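Reader: I am new to this structure. Please show me how to read its features.

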Amino acid sequence: MSMFRTLNQEGGDHQIHCSRERSRTAWKIIQEYLMPFVEKEKYHISKRCMLHPDNDIYRDQEQHKSHIDINEWQCRYCKKSFYEEKHLDQHFDNRHSNLLNLSESQCLADVCGALHCDHEMNSGSKKSKCNPAAAAKHKHLCESLADSCFPVSDGPAASQLHEFFLHQFCDAHSCTGSRKPFSRGHRKKTNVFYIFVSILLVILLLLYYLYIYLYQRGMKRETQVLKRISQASRKKKPS
């Protein structure tokens, strides 16, 4: 029996009982702390794995967001714009919930305990007291994910990723505090602003050197012209 609920089992009220924010955090953790290593091994995660993109009920809606400006988010289904992302989320719930695949997709927030979503969401706040029972429950869930997503019987790559997953996520589910989440590192983010500034500086530097070159070239021509005028005036003087 699956440890994860399918959302069509929630009853007949058609209300989605799945935290969009926690699902988004879980997706972010997967992309930052897991997928770079999976891609490096050229391993393809099976749809049986809860972490597969097709199993995230909100994945299609998240892909239909456009962050156009600092205060402008746009729905790519209907092109309506909003000042904040949370208002776009409400719009999805109110206007486009019929596009959710309730029969097959699952709630990615259900794996938040295993993936340390609270640690990621509350990284700047004071750490809460560890609950041994909760830590054991999350570790069991984490190990189940390792088994279903990276079965050791699938070969060397799966076996290596299985071990990596245990170290990256599962070992930190302990109240001893000896292990920290995401100990194996994460995807290095490319700073778009830094790249833009670097390109701008290079362009300005090239323009500066071009200006110096043209200025010196102009000065040289002006000196040569003055020299010619001076020589011509000397020749015209009567002896």
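Author: Start with Phe164. Buried means under 20% relative accessible area, exposed over 50%, and partly exposed in between (1.4 Å probe, protein chains only). Phe164 has 7% relative accessibility, so this residue counts as buried. This is a predicted model: local features need pLDDT of at least 70, side-chain atom pairs count only at pLDDT 80 or more, and totals for chains, interfaces and linings use all residues. Residues are numbered from 1 along each chain as its sequence is written, and side-chain values use heavy atoms, with hydrogens and water left out.

Reader: How many aromatic pairs does the structure hold?

Author: Rings of Phe, Tyr and Trp (its six-membered ring) pair if their centres lie within 6.5 Å; planes under 30 degrees apart count as stacked, over 60 as edge-to-face and the rest as tilted. The structure holds 8 such pairs. Take Phe37 and Phe164: their ring centres are 4.4 Å apart and their planes stand at 35 degrees, so the pair is tilted.

Reader: Which helices hold Phe37 and Phe164?

Author: Helices (H or I, at least four residues) and strands (E, at least two) are DSSP runs, numbered from the N terminus. Phe37 sits in helix α2 (residues 35–40) and Phe164 in helix α8 (residues 156–170). The pair links distant parts of the chain, 127 residues apart. Phe37 has 23% relative accessibility, so Phe37 counts as partly exposed.

Reader: What kind of pair do Tyr208 and Tyr209 form?

Author: Their ring centres lie 5.6 Å apart with planes at 65 degrees, so this pair is edge-to-face. Tyr208 is partly exposed at 47% relative accessibility. Tyr209, at 53%, counts as exposed.

Reader: Which residues do ring pairs link into a cluster?

Author: Tyr33, Tyr43, Phe150, Phe165, Phe169 and Phe182.

Reader: Which residue lies over the face of Trp27?

Author: A charge sits over a ring if NZ of Lys or CZ of Arg is within 6 Å of the ring centre and within 35 degrees of the ring normal. Here Arg59 lies over the face of Trp27, 3.6 Å from the ring centre.

Reader: What does Gln168 touch?

Author: Contact means heavy atoms within 4.5 Å. Leaving out residues up to four places away in sequence, Gln168 touches Tyr33, Phe37, Pro181, Phe182, Ser183, Arg184 and Gly185. Gln168 belongs to helix α8. At 0% relative accessibility, Gln168 counts as buried.

Reader: Where does His52 lie?

Author: In the loop between α2 and α3 (59–63). His52 is buried, with a relative accessible area of 16%.

Reader: What is the volume of the largest pocket?

Author: On a 1 Å grid over the protein atoms alone, a pocket is an open set of points where a 1.4 Å probe fits, with protein on both sides within 12 Å along at least five of seven lines; lining residues have an atom within 4 Å of a point. Grid points are joined across faces, edges and corners, and a volume is the space filled by probe spheres set on the points. The largest pocket has a volume of about 750 Å³. Of its 26 lining residues, the closest to the centre are His116, Asp118, His119, Lys127 and Ser128. The elements that give two or more residues to this lining are α5 (112–115), α6 (117–121) and α7 (132–149).

Reader: How many helices and strands are there in the protein?

Author: The secondary structure comes to 9 helices and 3 strands. Of the 239 residues, 32% count as buried.
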